[in-house]
Number of protein chains: 2
Amino acid sequence: MVPRVVFGRGSFNQLNDIIAPKRLSSHAPFIFLVDDVFKGNVWLTSRIPLSYQDKILYISANEEPKTSQVDELVEQLILTNKELPSGIIGIGGGTILDLAKAVAIMLTNTGNASDYQGWDLVKNPAVYHVGIPTISGTGAEVSRTTVLTGPERKLGINSDYTPFDQVVLDPELTKDVPKDQWFFTGMDCFIHCIESLNGTFLNAFSQSYGEKAYDLCMEVFMDDALSAEDSQDKLMMASWHGGMSIAYSQVGVAHAMSYGLSYLLGTKHGIGNCIVFNHLEEFYPKGVTTFKNMMRLHKIELPQGICASLDDHHFDTMIDVALSLEPLWENAIGKHWKKTITRDKLKALYQKM
Amino acid sequence: MVPRVVFGRGSFNQLNDIIAPKRLSSHAPFIFLVDDVFKGNVWLTSRIPLSYQDKILYISANEEPKTSQVDELVEQLILTNKELPSGIIGIGGGTILDLAKAVAIMLTNTGNASDYQGWDLVKNPAVYHVGIPTISGTGAEVSRTTVLTGPERKLGINSDYTPFDQVVLDPELTKDVPKDQWFFTGMDCFIHCIESLNGTFLNAFSQSYGEKAYDLCMEVFMDDALSAEDSQDKLMMASWHGGMSIAYSQVGVAHAMSYGLSYLLGTKHGIGNCIVFNHLEEFYPKGVTTFKNMMRLHKIELPQGICASLDDHHFDTMIDVALSLEPLWENAIGKHWKKTITRDKLKALYQKM
């Protein structure tokens, strides 16, 4: 779990006070990985505290984070600095936060990022790393994973060294998120909750976090009376609690199938979850009905027919990725999930999307 | 915040796997501070993993923890061991958990525990310390304070080094708590929530945790349909979320006045809160009504007339302690609390108890 958190509108201004005591030397810079949508946005960038050789690296979040991208960033940091960075600070959504976590790990662990995809493979503590979300829903700010697309699979680096050492939750940073992205990323949280609360792995710890995240999503997406500020505050907390919920349980059918879409087609995680979840009435009847009501209320249109031109080889690839995520299926369906979750069933579902 | 947590019935059995990698040497023992109600209870004590010079110290929780008690324990540990302990493991309720946190801090910080009562006075990181609650409600397992009665005041050691490095949440450990204690300690959590949710310091972070803890308390104390196991699980999570809520806000009138009772009369924290809260309709009308319903439902009798034989000097002492807790009053009433919270008002309230 994340040992230190600050929360509050404007708390981003505390960043210098937070990181300054963590500077190791004047040759050990802080590296800020920042979503490139903020390039030129002085409201945010002028408040990033730069000293000595600290650097901002602007990074596009248009694609899901890749192991190769992590390896390149790490090589670049090692080649251009005399010492290891004092810290990696991720400022952005799930993509940037996951990159920041992975880069911090790979600066102190040999080999390639893809070597560490899995559970508890990381040997050495990561460089100090700070997460500052600028969009809410993924739970990346609190999770003990960093989900990366590698040469062979889309899978997280899950370890005790993955979570951020410090998180800054400043809901004001989310004020300019475009509506579609706000919705799709928020639904990542909503879908987490449905999958966690309806899973066989559920315990009272995950349940209490999942229920709170669900309640907050209902307020944010179904209650017109909230002010913009309250809505931003509550969605940031929903993301936090949703992330805590799945840290101690597991996600389910939507995430398993969405990973397949993402691996083959590069579909972004938030929208991919929505495209899949829209067809999962069989597994999550109440959740899917609520989701459809939310879409209607916010006039959200999902892309249609994204699998229309795929051939059998493509379907096989997606099905392989989805079926490889065994813990997700076991959580969703139970120990004997292989009896009902067949390749034909998944193909039929993908064909609807 | 606590960086590592395990949750689950029977998770106490994982204790050896959790602490073994933290052993510094064969001369650096783990010290288990255990509530003396468990002395001779082999169901629990036989599962405490002892190796090398590890020791169990049984400690009475009949009195609130004192700074002098911390100093004595620390001296004893330093005199009887060649090296600093590898870790301090507290197994008990709020009293034992607070002692464990304070001992871990004072093993690496010079002077007396009373020197560190206040905010952020601790200089050095504490010895590794683990918290294992055996009763639910105080939130001591998650808080960044350890509330101690010192020579001059009852006040916490609040610091970034106070929280446990590891918490084991095993609701099964609470199965034999006597009913009155279960109720009074659970009400500590319920009263936290009322004070936090009705406070002026509230933000969306504290609110979301406070609301969840409140909902769980309502399930546990107002819903007869829960199984004993579910009730234990949910109350343990209520305590956790309630502790998180006040970590980022503040408590209020009940805690301020209860500290006065506790300082003068040694009243235990849980029952002291209840005795005070029972008379706070003016400040928390809905919360007090619900509390009285819970008392009725569980046939709980509060002690009456505990202030009946006190003289003016006694009242002054309690009022001094209560009024010294300025942040609690500011949270409860607002910036101008001194206009309405007079010594006469507090005396009249204490006289009812």
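Modeller: Y52(A) is exposed, because its relative accessible area of 60% lies over the 50% cut-off. This is a predicted model, so read each value as computed from predicted atoms. The backbone at Y52(A) stands out too. Its phi is positive, about 45°, although Y52(A) is not a glycine. Where does Y52(A) sit in chain A? Y52(A) belongs to the loop between helix 2 and strand 3 of chain A. Helix 2 covers residues 42-45, and strand 3 covers 55-59.

Now the chain around that loop. Chain A holds 13 helices and nine strands. Of its 353 residues, 59% are buried. Y52(A), by contrast, is exposed. The C-alpha trace spans about 60 × 50 × 40 Å along the principal axes of chain A. Contacts tell us about the fold as well. Take those in chain A with a separation of 6 or more: 77% of them join residues 24 or more positions apart.

Next, the surface and the charges. Chain A exposes about 13,800 Å², and carbon and sulfur atoms supply 50% of that area. Chain A carries 30 positive and 41 negative charges.

D120(B) is partly exposed, at a relative accessible area of 48%. It lies in the loop between strand 5 and strand 6 of chain B, where strand 6 covers residues 129-133.

Strand 5 leads on to a sheet. It is an open sheet of three strands in chain B, with the order 5-8-7 and mixed pairing. Strand 5 (118-119) and strand 7 (147-149) of chain B stand at its edges, each with a single partner strand, so one side of each has no neighbour in the sheet. Strand 7 of chain B runs antiparallel to strand 8 (residues 154-158) of chain B, and three bridges join them. Within strand 8 of chain B, G156(B) is the residue opposite V147(B).

How values were computed
Residues are numbered from 1 along each chain as its sequence is written. Chains are lettered from A and ligands numbered from 1 in the order in which they are written. This is a predicted model: local features need pLDDT of at least 70, side-chain atom pairs count only at pLDDT 80 or more; totals for chains, interfaces and linings use all residues. Side-chain values use heavy atoms; hydrogens and water are left out. Helices (H or I, at least four residues) and strands (E, at least two) are DSSP runs, numbered from the N terminus. Buried means under 20% relative accessible area, exposed over 50%, partly exposed in between (1.4 Å probe, protein chains only). Contact means heavy atoms within 4.5 Å. Accessible areas come from the Shrake-Rupley method with a 1.4 Å probe; for residues, only the protein chains shown count as cover. Lys and Arg count as positive and Asp and Glu as negative; His and the chain ends are not counted. The place of a charge is taken as NZ of Lys, CZ of Arg, CG of Asp or CD of Glu. Two strands pair if DSSP finds at least two bridges between them.
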